[in-house]
Amino acid sequence: MYELIGSPTSRAFRVMWLLEELGQPYKLIKAGPHAAEAKAANPTGKIPILKDGDATITDSTAIMTYLADKHGELTFPAGTVDRAHQDALTHCVLDEIDSILWIATRHNFILPEEHRIPEIRTPSKWEYARNIESLMARCKGPYLMGETFTVPDIILTHCGGWARGAKFPSDNEDFKAYIKRCRSRDAFQKLTTG
């Protein structure tokens, strides 16, 4: 059984969702960033952390890629053109959506107050909305890769919820429908209503 160290209100939710999609049993050890449990498994104290036997894996995207590859689901095979497109979408979501939300969040309450630049939210909101438009133009079907639900769908849907909570607007109707479709999946519903 996998052990996952993290908080359901953090990027650990992405890993939980993927594990539910895979139907893999796991034990969640609830811990926030820099908690004793997190620091014992990862010297940086960052979460999430996955323990698979004696192996420890950090970073939500690395964990999800590992698990998807290991179980042969929610991903295209390594070394294929489809996988290259999937990886490009993953990096696009991380670079152009996740990173913008993270920068704005850090300047909102994470950084020491003397280092915060609250005004960064205004251009970040504009950039987020612009990048959602661009990403939706690349969407190949009901999911980013067409008919197949993959790792970048989990990341983007998680970012969509984060953005809504942070009041980052997107009026893109395709994105709204996409988020609704992804959030209606059984695994997501199990985590949010179960």
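These legends walk through a few close-up views of one predicted model.

In this predicted model, local features need pLDDT of at least 70 and side-chain atom pairs count only at pLDDT 80 or more, while totals for chains, interfaces and linings use all residues. Residues are numbered from 1 along each chain as its sequence is written, and side-chain values use heavy atoms, leaving out hydrogens and water.

**View 1. Four strands make an open sheet.**
The strand order is E2-E1-E3-E4, with mixed pairing. Strands E2 (26-30) and E4 (55-58) are the edges, each pairing on one side only. Strands here are DSSP runs of E, at least two residues, numbered from the N terminus, and two of them pair if DSSP finds at least two bridges between them.

**View 2. Strands E3 and E4 run antiparallel.**
Four bridges join E3 (residues 49-52) to E4. Look for Leu50, which stands opposite Ile57 in E4.

**View 3. Helix H1 (residues 12-22) packs on the sheet.**
A helix is a DSSP run of H or I, at least four residues. H1 touches strands E1 (2-6) and E2; contact means heavy atoms within 4.5 Å. Because 11 of the 11 residues of H1 are buried, this helix is largely enclosed by the rest of the structure. Buried means under 20% relative accessible area, with a 1.4 Å probe and protein chains only. Among the buried residues are Phe13, Trp17 and Leu22. After H1 comes Gly23, with a positive phi near 70°.

**View 4. Ser60 sits in helix H3 (residues 60-71).**
Ser60 counts as buried because its relative accessibility is 3%. Leaving aside neighbours within four places in sequence, Ser60 is in contact with Arg11, Arg14, Val15 and Pro48.

Conventions
Axes fitted to C-alpha atoms, helices over the stretch in contact; angles between N-to-C directions. Buried < 20%, exposed > 50% of the residue type's maximum accessible area, 1.4 Å probe, protein only.
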